[in-house]
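Have the structure open while you read.

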Amino acid sequence: MKTLKGIITIVSFLLVGVATAIFIGFGNSFSPEPTAIDHELQGLNEKYTIKFSHVVAENTPKGIAASMFAQLVKEKTNGWVEVQVFPNGVLTDAQGEFEALKKNKVQMIAPAISEITVHDPKWTVMDLPFVFENEEMVEQAFDGRLGELLFKSIEKYDYKGLAFWENSFKQFTNNIRPVQEPVDMQGLSVRTMPSPLLLDMYQILGAQPQSFSFNEIYEALRNEHIDGIENTLSNIYSKGLYQQQKYMTVSNHNYLGYAVLMDREVWDSLPVQHQNSLMEALDEVATWLRKYAKEHNKDMLEEAEDSGSLEIHYLTENERDLWKEAMKPIYDKYEPIIGEEIMGEVRKLQADR
């Protein structure tokens, strides 16, 4: 009898042990309370690939910045996020990038700000002629309230603005005659980005603006479809555009910068830790690029002067005043479109210079 009791005791003990193990191992499945999820860690065991498309050459300020960004992201995420850079418009042209971003064919783009104006008219503030006097004003705009307002505005179109990347002021080149005063633009066919403001600006000057994608410019110049262009020195030289031009006007009439964008849903789908790593990398690149772009464009101007391949004219203060006067209708038309809040920030910057 004692033996039977002992067996029953042992069996009961084993059954209790098994039941306890089941409860401990699988008890969460039966718990009526929700389990805590650390959203910052979700997805960190998955590898993410970000296709980064841009349209300029790899040796331009933006091209180098994109490659640097890719390397920094790899280091900061220990390889869990891979940024694949596609330069020179190999995937699509500048406007096609926006559609590719929406369709998730690419996950990151860095278009020129003038290209963004097609999608958000408030960004035309950055295309206003002679709105910035120097690089310091541009930096204050990007780093301050104006930059915040622009990124807030474009969020309405489901884009996530991540960073501003700098290049330089634009200069005008052409193959017909020296351009010193606004009247000299009469009749010239000029390639511009598709910004409505830029198209209006050249029409006011009596020129004939035409919109070509960046990678079509060289052939358009060579085949004499256009007489001239406006662009930064780094872009003019990286694509060999100066080889098709005779005259350059150092005008600094508009600033050419870039905005790094992602689709908002794609950005939100990334783990927070990866988002933080991407932002750290973007900030580091922006700091480096600010100095490099300024020096690089300065070097390109010196190279242009030394080469003798272009006849170069620097606008005098009196000539700049003539250009500003000729551009007043642009301000009259676009200030209401841009809005008082953003224009108020512009006026603050101008008053502080």
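Start with L128: leaving out residues up to four places away in sequence, L128 touches L197, H253, N254, I330, Y331, Y334, I338 and M343, where a contact means heavy atoms within 4.5 Å. Keep in mind that this is a predicted model, with local features needing pLDDT of at least 70, side-chain atom pairs counting only at pLDDT 80 or more, and totals for chains, interfaces and linings using all residues. Residues are numbered from 1 along each chain as its sequence is written, and side-chain values use heavy atoms, with hydrogens and water left out.

L128 is also among the residues with the most contacts inside the largest nonpolar core, alongside F69, V125, F132, W165, M185 and L278. That core has 102 residues; a nonpolar core is a set of buried Ala, Val, Leu, Ile, Met, Phe, Trp, Tyr and Cys residues joined through side-chain atoms within 4.5 Å, and buried means under 20% relative accessible area. Helix α11 gives the most to this core, with 9 residues.

Now for a helix pair.

| Pair | Residues | Angle | Axis distance |
|---|---|---|---|
| α7 and α13 | 196–204 and 328–338 | about 150° | 10 Å |

That angle makes α7 roughly antiparallel to α13 (over 145 degrees counts as such). On the α7 side, P196, L197, D200, M201 and I204 meet P329, I330, K333 and Y334 of α13.

For the whole chain, there are 14 helices and 11 strands (DSSP runs, H or I of at least four residues for helices and E of at least two for strands). Of its 353 residues, 50% count as buried.

Note on methods:
Axes are lines fitted to C-alpha atoms, for helices over the stretch in contact, and angles run from 0 to 180 degrees between N-to-C directions. Angles under 35 degrees count as roughly parallel, over 145 as roughly antiparallel, 65 to 115 as roughly perpendicular and the rest as oblique. Buried means under 20% relative accessible area, exposed over 50%, partly exposed in between (1.4 Å probe, protein chains only).
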